[in-house]
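Here is a short report on one protein model. It covers cavities, a sheet and helix packing.

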Amino acid sequence: MRSPTKRKRMDQQDTDQAQQHRQNISRHRQNWARQTTPPDYWDIGFPTTQQIVSINQRAEENYAAKRAHIVQEANLLIPFVQGEETSERPAATEAIWSKPRCGSNFAHPMTSTTYTLPPVDNHNIDPQSLDSIWPWMSQLFDFRFFAPSTTSDGKEVYPRATVTHKTITYDFVFKWTTNSANLPYEALYEKLETYLGDVSKRMYEQQILPAAQNRAFIDAYLSAWNRYDYCTNATDKELNYYNRHFVKRLEDEGQGAKGVDPVKWGFPETFTVKEDAENAAKAAADEGICPIRALGLRKWRREVVEKVKEQVVGILKEVEDGDEKKKLAGQVKISFLATGNDPMSDIMVKLRELSGISLWLVPPPKAAQALEAVIAYIASRYKSPKFQPHVTLLSFPATPDIDPDALLPPQAQLPPTIPITFQQICTGKTYFQSVLIELEKREDSVLQALYDQVDTFNQKNRGGNSVPPTVQDMSTKPFYPHLSLYYGDPPMEVKEEIIEALAVEGIISILGPPTVGGVEAGFHVSEIWIVRTEGPVEEWEVLKKIKLEGMEHSPQEV
């Protein structure tokens, strides 16, 4: 029989293991544990002297543990203690690096450059002196832009260090702008302009230029851009008081960028937030003071985009997978447009040509509503884009001379109804075919006949430029009919998890003929849509809808 002490210790171990297990896999995981009540808080009655000693001792232990936890979570706020510097740093191959300590060194895995977190000693920093503030700020900026990230897209860069940086920087700038009217605002703007230009050059030389001249070059560019874009935006928010008290005043006085037209830069179609379109327009101007966000975008265009744009477009043209090319072209287009490239420039026209125009077979209203609800459900849980359910028949490059009205034969030659039959719910290997419904494909089917008819029509009219969609294990076949439910590039385990979750929650049925959102086995196509699939999914534009005549007499309402 176990002793009470041993039993208590083992119970605590079981509790700790259960908590760790929950933290690893449960949807109820948490970053900050709820505070516990003081020792014996719920005990009724007056404690004895011995109990008081025990309570106080446990209270001191709890306080010490809480203090240690605070130091661990926000160590940059603790004044640096001389002599505590450490040379230990985690291996570059680890997926998530250890949390930094003040004064600790970290090496960037791509450049072997070591970045040192500066000592935070508020007593030795004069908030009235730019010379005193700037060295500390620039070192922390370096840490933000170049320290190894905890995520592949570079957006989660030591969140706790970032929060501390934001708090202290905001505090300094707030005091700076409110305590004196004669501080060197222009000098800080010049330092920021020089610094952001230097960061752009360093990212180009250290992260983009060494990449191979193929798809890896585009991946390197987009990775560096995502990091730079996120960090510049965060820095702009930290310096909000500076933008409001200095930049806005000079803009009001006529010293800002001229001819700012957010509509020209895609508001509200491309940029749904007007401020983003305005920053892109200000970044396009070679002269004129602008907010820190626009200043950073301007520097990226000058130091990076101008050097890589022709090369990026050339590599994109060689990407064989049409879906992958469309996705990458959309991401590159957004980065070029956001940094001030004229939407009507030659390079932007070339990027639009890499996107496409697609022919969609669209379900009738009831089926479309049910399938759209499934797509929205997945999108809300896995942070993916929402889109209209459809079956892609054919895709074409969006060349300037393409006529959407000439992509289909006359309506009288189209079949009066097109039956769609679900075959299985499965995963794919491309972004646009990540989780999908595979459709029945027979050589004698109406769907196959329609594909052959439209493809032959366009081969004659357009000289063989039609581009059939491709998907995993089907690249040798000319047509792979499917209906996508999820767009994304997660690991295969996540895709399988999506299908399993849908089945467990009764949203899909994989026994017998598949049922999705209440749509059993399939549907009859209601309309054919001509869609411009350019840029992000949210920006895709329906150019024309052709209603099939036979739908008025379709045997299936859904």
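## The largest cavity

In this predicted model, 17 residues line the largest cavity. Nearest its centre lie D323, K326, H390, T392 and Y487.

Seven of its residues are nonpolar, eight are polar and two are charged. The space inside the largest cavity is about 130 Å³. In total, the structure holds four cavities of 30 Å³ or more.

## A three-stranded sheet

Strands of a sheet pair through backbone hydrogen bonds, and the pairing can be parallel or antiparallel. Here, three strands form an open sheet in the order β8-β9-β10. The pairing in this sheet is antiparallel.

Strands β8 (508-509) and β10 (519-520) are the edges. Each of these edge strands pairs on one side only. Strand β9 covers residues 515-516. Two bridges join β9 and β10 in the antiparallel sense. Across from V519 in β10 stands V516.

## Helix α5 and its partners

Two helix pairs involve α5, and their geometry is set out here in turn. Begin with α5 (residues 185-208) and α7 (residues 240-252). Their axes come within 11 Å. The crossing angle is roughly 115°. Angles of 65 to 115 degrees count as roughly perpendicular, so α5 and α7 are roughly perpendicular to each other. The crossing of α5 and α7 is left-handed.

Next comes helix α3 (residues 130-146) with α5. The axes of α3 and α5 come within 12 Å and cross at roughly 25°. Angles under 35 degrees count as roughly parallel, so α3 is roughly parallel to α5. This time the crossing is right-handed.

## Recap

Which residues lie nearest the centre of the largest cavity? They are D323, K326, H390, T392 and Y487. How is α7 placed relative to α5, parallel or perpendicular? The two helices are roughly perpendicular.

How values were computed. Residues numbered from 1 in each chain as written. Predicted model: local features only at pLDDT ≥ 70, side-chain atom pairs only at ≥ 80, totals over all residues. Heavy atoms only, no water. 1 Å grid on protein atoms, 1.4 Å probe; cavity = no way out; pocket = protein on both sides within 12 Å on 5 of 7 lines; lining within 4 Å. Points joined across faces, edges and corners; volume = space filled by probe spheres on them. Nonpolar A, V, L, I, M, F, W, Y, C, P; charged D, E, K, R; others polar. Pairing = 2+ DSSP bridges. Helix = DSSP H or I, 4+ residues; strand = E, 2+ residues; numbered from the N terminus. Axes fitted to C-alpha atoms, helices over the stretch in contact; angles between N-to-C directions. Parallel < 35°, antiparallel > 145°, perpendicular 65-115°, else oblique. Left-handed = near helix turned anticlockwise from the far one by under 90°.
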